[in-house]
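I opened this entry to keep track of what I looked up, one place at a time. The notes follow the order in which I went through the chain.

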Amino acid sequence: MAAEKLRDLSQPIDVALLDATVAAFYGTGSKEERTAADQILRELQNNPEMWLQVVHVLQNSQNLNTKFFALQVLEGVIKYRWNALPVEQRDGMKNYISEVIVQLSSNEASFRRERLYVNKLNIILVQILKHEWPARWRSFIPDLVTAAKTSETICENCMAILKLLSEEVFDFSRGEMTQQKIKELKQSLNSEFQLIHELCLYVLSAASQRTELIRATLATLHAFLSWIPLGYIFESPLLETLLNFFPMAAYRNLTLQCLTEVAALQFGDFYNAQYVKMYNVFMVQLQTILPPGTNIPDAYAHGSSEEQAFIQNLALFLTSLFKSHIRILETTPENRAALLLGLEYLIGISYVDDTEVFKVCLDYWNSFVLELFEAHHNLDNPAAAASMMGLQIPLLPGMVDGLGSQLLQRRQLYAAPMSKLRMLMICRMAKPEEVLIVEDENGNIVRETMKDNDVLVQYKIMRETLIYLSHLDHEDTEQQMLKKLSKQLNGEDWSWNNLNTLCWAIGSISGSMVEEQENRFLVMVIRDLLNLCEITKGKDNKAVIASNIMYVVGQYPKFLRAHWKFLKTVVNKLFEFMHESHPGVQDMACDTFLKIVQKCKRKFVIVQVGENEPFVSELLIGLPATVGDLEPHQIHTFYEAVGHMIQAESDPQKRDEYLQRLMELPNQKWAEIIGQARQSVDFLKDQGVIRTVLNILQTNTSVACALGTYFLSQISLIFLDMLNVYRMYSELISNGIAEGGPFASKTSYVKLLRSVKRETLKLIETFLDKAEDQPQIGKQFVPPMMDPVLGDYARNLPDARESEVLSLFATIINKYKGVMTEDVPRIFEAIFECTLEMITKNFEDYPEHRLKFFSLLRAIATHCFPALIHLSSQQLKLVMDSIIWAFRHTERNIAETGLNLLLEMLKNFQASEFCNQFHRTYFLTMEQEIFAVLTDTFHKPGFKLHVLVLQHLFCLVDSGSLTEPLWDASTVPYPYPNNSMFVREYTIKLLGTSFPNMTTTEVTQFVNGLFESRNDLSMFKNNIRDFLVQSKEFSAQDNKDLYAEEAAAQRDRERQRMLTIPGLIAPNELQDEMVDS
């Protein structure tokens, strides 16, 4: 009954009843009451008439939640329907909201009591302003400033409104408003700023003693300082006023935030004198607040949250100022002294044990050291060096020397801080990814279980910074590292953390020194570390030292290649560590072994000076003993490493002999198992045997991965037996599932059998993928698999089908391309319909099959397109439907594969003789489907590809490839002059009906814009971005996906720059295979 009464909006709503409903929704009543209340409130919220009741509700309700509900309804109307309302309704609402705000904020008591409500009203007012101001509400800023001067509380609230307005226009506008509207609002704020500026100064210049008001004013200024015209900052008393507030504890943090905004401005040299003065006054004041020589990390650790915030803000201020204006502080001796003092403070703050504070400092150190390094690096190129120094003059001969001495002076000026900075980087070095051994919270040394991405990002920046520092002064870097290492040895400074950070730092500068210095340095480091390992007692200590030795040697492949004795010692040391039972040590030993072998593989297959045979031969003799204590997964890594050694042997006979010796153990076991199975098949059903079979296959896969084509002799040996085992296990699985129902597929026995099938497929796929492109290999391996693998897939129950079959055939088609065209119909028949049945019931089941299915389809479309043309029209429809199904997924990889596949299909069909009939059937469907995902916020990551498909379709219409009409003459009575007119009309109609909140003119303008910009991708893309904002499909959520492409291009440029500086890209990331003759 109550619900009916509320739903009737023809008369004023019953506020008491609405209060009771809202209370029931938030209340502690029964679940049923809450659900009923929720239902009613949703209906009201969706009722287009409800907003007319908002004023009535706000006037009569005493309940804050009810008022918030009413304002929520109003906010929806302002966002989506405001411009469609009659003028008097808009004005009425605008005036009502303004009056309530003034009334509530005009006296202290109501302002404090209704604070939450006023804040929400402020937000509503700013939402209205975004539509009304400046065009329809010219007097807004003057009215606001006049009101502010009538009372301190109104003034405080006006400050809050101005701050919101600044944030809405300058910080949160991207993706909320069109480019044109943002520009208009920015201009209005700029032109009206004088009144706001006067108001702020009026409050701060002692007109008020009220703390809250001054704080609100400082907060508003903080929001405005980054964009206001500069004269308001530097040609008014504003800076002095701010510096006067800085010593006062209550305003210190807010003032410091304002000063930081000013410090970060960049605009040429016009106000340099003001900056120098501001910095000097600031440093004098700072020394009374935080005397030089204070132990800042301690002060931070024991400080209140205000004091901690102060240290963080101080870091932000110093880094912002130095980033933009350090040059002007280098000019006179007094300024240089203040500058060096500031750098001292910053180094002190950098030792604070807080990630956020450290990030701020590290970010600055990285850019500062890079700038010093680049000037020094560019000395060979005087013009570049001059522009680095900020000199815009033509270079005369003889000036270069002057430049060089200027750079040297600059480097000398910073020599002391840079030396301290090296120490900081060494002491605080973050953990690299390769290190697997960490200290847990109880102080035990354990194997790392989770990678911490923040630490990895931090490591990357620190490593870069340390490399620049090392280039600036190799001697100092080396001295500091060796001195710290000797303190580890004599026990003066020994601790796990100190040794770790030091070794991580040593490993991270690999490649930055000249070769002979690096060799000398490393000989000392490795010798000391091996000594340390001998003299230190205790299992945990040994594990830490072991992990550091492994990390350091893994970082210097070039050194190991040049010094066989060291390389041999290191590898034998790794073999020792492979027997060490401490968690993590064996893993790291195997990983490091693999890493070193990949970079030095030639060294192991030639006879070295003083040896009788190549190392690989010696290794193969001792192999059973070496791997005796390793787990299966570690053995696989070990085998992969030896595979890399064998791959480096150029003599085919020796290579096959080594491979045979390497595979002796697994092959013996395999032969035994197959022999037993020939006598009794049941032998293969034993769980222990199944595990052994799995292990043998995994070992084979690891070696195949390293050897590629050269693995042929080994795989030929086991291939046919392997397919027989595959077929037999497949039957066991099917029988198990048929008897035990769907739950049987979850039993450990069935899972184990499936692992063997998967590993078989993976082994074949790895071999074919890594083998060189030799058609005879394809011809040898593909036909025997047709029935055991493909036929088996088709015959199986859905739950027993392996998704790896799909990826195996995708690999085969990508590898052998057009040669496979005649096999496509068989692949299609076995895989297509039965897989589609599995994946089109919903978007969740069989996630593995989904992605691999669409990848296979993409491989066929790319390399065997003729096979698709010969499909029947029903089959082609299935293909197209499955593509639509793919890009409707919210799972990003699947949607992307689907869109890429669609683009390839469209391009291929455009070039084929079936162009007209294909597009007549699918053009409009595709356009409609793409618009549907484009305007759905769940599909934002696909934006780049959606745009490309639409661009392709719009270009196609005008390209002349289509020679017949796209419309069906029997149903469309009006004959269009050409296809592009038809598509234009169709698109306008499609979008007009989908977005009733947009006017026909807006839609038409957008569609015409698309046709005009179809040949210019970036204009085309911006057009669509603006449309998404206008249609209100995309609002305040995160819009970075719409700009993802631009970000990727930036990353590529950065990589190119890094390649030019020695050491910046770690030796093991370089793909040059470091020729090791």
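**Loop residues with positive phi**

I started at Tyr-846, which lies in the loop between helix 42 and helix 43 (847-863). The model is a predicted one, so I kept the confidence values for a later entry. Tyr-846 is not a glycine, yet I read a positive phi of about 50° for it.

I then went to Lys-817, which sits in the loop between helix 41 (804-816) and helix 42 (824-839). Lys-817 also has a positive phi, about 45°, without being a glycine. I noted a relative accessible area of 40% for Lys-817, so this residue is partly exposed.

**A cis peptide bond**

Next I looked up Pro-134. I found it in the loop between helix 8 (115-132) and helix 9 (140-148). The peptide bond that leads from Trp-133 to Pro-134 is cis, and its omega is near 5°.

**Helix 20 and helix 21**

I turned to a pair of packed helices. Helix 20 covers residues 333-350 and helix 21 covers residues 355-377. At what angle do helix 20 and helix 21 pack? I noted about 135°, with the axes 9 Å apart. Helix 20 is therefore oblique to helix 21, as angles over 145 would be needed for roughly antiparallel. The crossing of these two helices is left-handed.

I listed the residues that make this contact. Helix 20 supplies Leu-343, Leu-346, Ile-347, Ile-349 and Ser-350. From helix 21 come Val-357, Phe-358, Cys-361, Tyr-364 and Trp-365.

**Thr-319**

I looked at Thr-319 in helix 19 (residues 305-329). Which residues does Thr-319 touch, leaving out those up to four places away in sequence? I wrote down Leu-346, Val-360 and Tyr-364. Leu-346 and Tyr-364 are also among the residues in the contact between helix 20 and helix 21. Thr-319 has a relative accessible area of 4%, so it is buried; the cut-off for that word is under 20%.

**Helix 49 and helix 50**

The axes of helix 49 (residues 979-994) and helix 50 (residues 1000-1012) cross at roughly 140° and come within 9 Å. Helix 49 is therefore oblique to helix 50. I recorded the crossing of helix 49 with helix 50 as right-handed.

On the helix 49 side I noted Ser-980, Val-983, Arg-984, Thr-987, Ile-988, Leu-991 and Gly-992. They meet Val-1003, Thr-1004, Phe-1006, Val-1007, Asn-1008 and Phe-1011 in helix 50. How many residues of each class does the contact of helix 49 with helix 50 have? I have seven nonpolar, five polar and one charged.

**Confidence**

Last, I checked the pLDDT. The chain has a mean of 88, and 94% of its residues reach 70 or more. Residues 388-399 have pLDDT below 50, and I noted 18 contacts in the model for this stretch beyond near neighbours in sequence. Residues 1034-1038 also have pLDDT below 50, with 16 contacts beyond near neighbours in sequence.

How values were computed. Residues numbered from 1 in each chain as written. Predicted model: local features only at pLDDT ≥ 70, side-chain atom pairs only at ≥ 80, totals over all residues. Heavy atoms only, no water. Axes fitted to C-alpha atoms, helices over the stretch in contact; angles between N-to-C directions. Helix = DSSP H or I, 4+ residues; strand = E, 2+ residues; numbered from the N terminus. Parallel < 35°, antiparallel > 145°, perpendicular 65-115°, else oblique. Left-handed = near helix turned anticlockwise from the far one by under 90°. Contact = heavy atoms within 4.5 Å. pLDDT = per-residue confidence, 0-100. Buried < 20%, exposed > 50% of the residue type's maximum accessible area, 1.4 Å probe, protein only. Nonpolar A, V, L, I, M, F, W, Y, C, P; charged D, E, K, R; others polar.
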